[in-house]
Amino acid sequence: MAGHSGSGSSDKKSSNGVNELLTFNAENMQSNMKIIYYSRTFLSIIGGVVAGILGFTGLKGFVFYALLMAFTSLGLVAKAKFSIHTYFDSWNSVLIDGFLGGLMSFVLFWTFAYDIAHIF
């Protein structure tokens with residue numbers, strides 16, 4: 001993951017007493033957001049196949065997806081060394097972004113794998 005460019009802390013003071021602003025590198029932030037979307041989509045597809053093969057139906061499948069996304073968020077936060085504001089602009093970008101897009105992929109592969117394993 002790519003971090004911010006510039007000084008390491010936003011509350012550092014320069015020699016003239018003015019607070020220095022933390023600068024964001026737009027390319028790094030965009031790259032980090034792509035990593036979040038790709039990892040959520042990939043794990044949604046894998047999770048959907050696993051849920052289908054295990055035979056989850058109804059609410060069990062959606063609870064499985066929620067747990068999968070919670071572990072994904074935890075993994076992304078751990079990858080960022082629990083310093084979210086160094087790599088992302090807010091906590092929401094790590095915890096929530098890509099959740100619904102991943103849900104569509106999860107349901108697609110969940111139903112596909114369930115049909116293959118249990119119906120055909």
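I take contact to mean heavy atoms within 4.5 Å. I take helices (H or I, at least four residues) from DSSP runs, numbered from the N terminus.

I note that this is a predicted model, in which local features need pLDDT of at least 70, side-chain atom pairs count only at pLDDT 80 or more, and totals for chains, interfaces and linings use all residues. Residues are numbered from 1 along each chain as its sequence is written, and side-chain values use heavy atoms, with hydrogens and water left out.

Entry: helix 1 and helix 5.
I looked up where helix 1 (residues 26-54) touches helix 5. On the helix 1 side I found Arg40, Ser44, Gly48 and Leu54 among the residues in contact, and on the helix 5 side Phe99, Ser105, Trp110 and His118 are included. By class, this contact has 12 nonpolar, eight polar and one charged residues. I count Ala, Val, Leu, Ile, Met, Phe, Trp, Tyr, Cys and Pro as nonpolar, Asp, Glu, Lys and Arg as charged, and the others, Gly among them, as polar. The two axes come within 7 Å and cross at roughly 30°, so I record helix 1 and helix 5 as roughly parallel (angles under 35 degrees).

Entry: helix 2 and helix 5.
I then checked helix 2 (residues 59-79) against helix 5 (residues 99-119), and their axes lie 11 Å apart at an angle of about 135°. Helix 2 and helix 5 are therefore oblique to each other. Gly61, Phe62, Phe64, Tyr65 and Met69 of helix 2 meet helix 5 at Phe99, Gly102, Leu103, Phe106, Val107 and Trp110.

Definitions and conventions
Axes are lines fitted to C-alpha atoms, for helices over the stretch in contact, and angles run from 0 to 180 degrees between N-to-C directions. Helices (H or I, at least four residues) and strands (E, at least two) are DSSP runs, numbered from the N terminus. Angles under 35 degrees count as roughly parallel, over 145 as roughly antiparallel, 65 to 115 as roughly perpendicular and the rest as oblique.
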